[in-house]
Amino acid sequence: MKRRKPNNPRARLERSCRAILGSNHVAVVSISPSGWQGMVNWKLAKRIPPGRQVANALCDIPHRWTIYVAGLCVDQSGNRYMKSMEAMPDGNYLAEHLTDVIETCVVDQRATCNPRHLIGSGWIAIPAQVSLTEEQAYQIFDLVGAWNQVKQVSA
């Protein structure tokens, strides 16, 4: 006769939170210099209104993250483009512990961009191991107004 596993409320909570995030295709997006940050559905490129349940699922449990970092540029002809990279840190991290990883990636990515074309930078963090295409990332950054920012003055 098989013995039943003991109840594990923490594991049940983590499964529930991951299901909420997975079904809504939640990603956190941030752009600078405007400082806008919010949640989007990365699959449909639509904003997700701030909600306590989704925010708690995102911040309260560790996830295996995919981070997409881009330097947002406009050339002299007015064409928009981005120079981007994708990072998947090893292990599970709480959202608050990703800041150092993201900052390092943003600084490295901005260094690869033409300073005359650079108007800002942005990142997309997905709490799952999902690879974004460049088109999907472009749509997400366009949705949040990344190219409508005022151009930064380089020091």
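**Before you start**

Residues are numbered from 1 along each chain as its sequence is written. Because the model is predicted, local features need pLDDT of at least 70 and side-chain atom pairs count only at pLDDT 80 or more, while totals for chains, interfaces and linings use all residues; side-chain values use heavy atoms, with hydrogens and water left out.

**Stop 1: the whole chain**

Followed along the sequence, their pattern is α-β-β-β-α-β-β-α-β-α. Along the principal axes, the C-alpha atoms fill a box of roughly 75 × 25 × 25 Å.

Now colour by burial. Of the 155 residues in the protein chain, 39% are buried, meaning under 20% relative accessible area with a 1.4 Å probe, protein chains only. Contact here means heavy atoms within 4.5 Å. Among contacts between residues at least 6 apart in sequence, 69% join residues at least 24 apart.

**Stop 2: helix H4**

Select residues 134-143, which form helix H4. Which residues of H4 are buried? They are Gln136, Ala137, Ile140 and Phe141. These four lie on the same side of H4, because they cover an arc of only 130 degrees around the axis. The arc is that of the directions from the helix axis to the C-beta atoms.

Then move past the end of the helix to Gly145, which follows H4 and has a positive phi, near 80 degrees.

**Stop 3: Asn41 in strand S2**

Select residues 37-41, which make up strand S2, and pick out Asn41. Is Asn41 buried or exposed? Asn41 counts as buried because its relative accessibility is 10%.

Show the side chain of Asn41 together with the backbone of Lys43 and Leu44. The Asn41 side chain reaches the backbone nitrogen of Lys43 at 3.0 Å. That side chain also reaches the backbone nitrogen of Leu44, at 3.0 Å.

How values were computed
Helices (H or I, at least four residues) and strands (E, at least two) are DSSP runs, numbered from the N terminus. Buried means under 20% relative accessible area, exposed over 50%, partly exposed in between (1.4 Å probe, protein chains only). A polar contact is a pair of N or O atoms within 3.5 Å; within protein, one must be able to donate a hydrogen and the other to accept it, and residues adjacent in sequence count only if both atoms are side-chain atoms.
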